[in-house]
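Take a look at the structure below. We will walk through it step by step.

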Amino acid sequence: MGLSAMAAAGGVATAQMMAAGVLSQSRVYTLDEMPVRKMANGGESRDVLRGALTTGEVIGVHESAQPAGMVPNPPHTIQHTEVMVVVEGTLAFEHDGKSERVGPGGVIFVASGTLHTVHNVGEGTARYCVVQVGGDTKR
């Protein structure tokens, strides 16, 4: 279905979020437009957008939530750059043989090739927004 038909059906946000094309229009993404994916370990993730910027970089943005006491993803290496902004709760960022805590408003920078994991070390749900740029980021 073409974008004009999707717009008529009220699905422009979903079409642009999942589009493999160029992200060339400024807009707002609301929480109710972001489909929720439930993770096997009890967490949730919401895809915001994916695509290529007009300057050529591939970008992906998603919001994640980890309940307290949840088993985190195992340490893994990425071949792209990530910036994570903590919105709520406290995360431990484990990388390069160290563990650093970060709370609301804090930012985690993950360089390409870094073996890392993040996990909730607080008492409530930890929510954070992840921006992936370049490398193996999928469109």
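Leaving aside its neighbours within four places in sequence, which residues is Thr137 in contact with? They are Arg50, Val58, Ile59, Gly60, His80 and Gln132. Contact here means heavy atoms within 4.5 Å.

Before going on, a word on the source. This is a predicted model, in which local features need pLDDT of at least 70 and side-chain atom pairs count only at pLDDT 80 or more, while totals for chains, interfaces and linings use all residues. Residues are numbered from 1 along each chain as its sequence is written, and side-chain values use heavy atoms, with hydrogens and water left out.

Back to Thr137. It lies in the segment after β11. Strands (E, at least two residues) and helices (H or I, at least four) are DSSP runs, numbered from the N terminus. Thr137 has a relative accessible area of 9%, so it counts as buried. Buried means under 20% relative accessible area, exposed over 50%, and partly exposed in between (1.4 Å probe, protein chains only). The side chain of Thr137 reaches the backbone oxygen of Gly134 at 2.8 Å.

His80 leads on to another residue. Ala111 touches His80 and Ile78, not counting residues up to four places away in sequence. Ala111 sits in the loop between β9 (107-110) and β10 (115-120). Its relative accessibility is 32%, which is why Ala111 counts as partly exposed. The C-alpha atoms of Ala111 and Glu82 are separated by 6.7 Å, though the two are 29 residues apart along the chain.

Glu82 also belongs to the largest pocket. Along with His62, Ser64, Asn73 and His76, Glu82 lies nearest the pocket's centre, among 29 lining residues. A pocket is an open set of points on a 1 Å grid over the protein atoms alone, where a 1.4 Å probe fits, with protein on both sides within 12 Å along at least five of seven lines; lining residues have an atom within 4 Å of a point. Strand β4 gives the largest share of the lining, 4 residues. The volume of the largest pocket is about 590 Å³, taken as the space filled by probe spheres set on the points.

How far can the model be trusted? The predictor's confidence in each residue is the pLDDT, from 0 to 100. The protein averages 85, and 85% of the residues score at least 70. Among the elements, β9 has the highest mean pLDDT (98) and helix α1 (residues 3-8) the lowest (36). Over residues 1-19 the pLDDT is below 50. Where pLDDT is low, the predicted coordinates should not be read in detail.

Note on methods: Polar contact = N/O pair within 3.5 Å; in protein donor to acceptor, adjacent residues only side chain to side chain.
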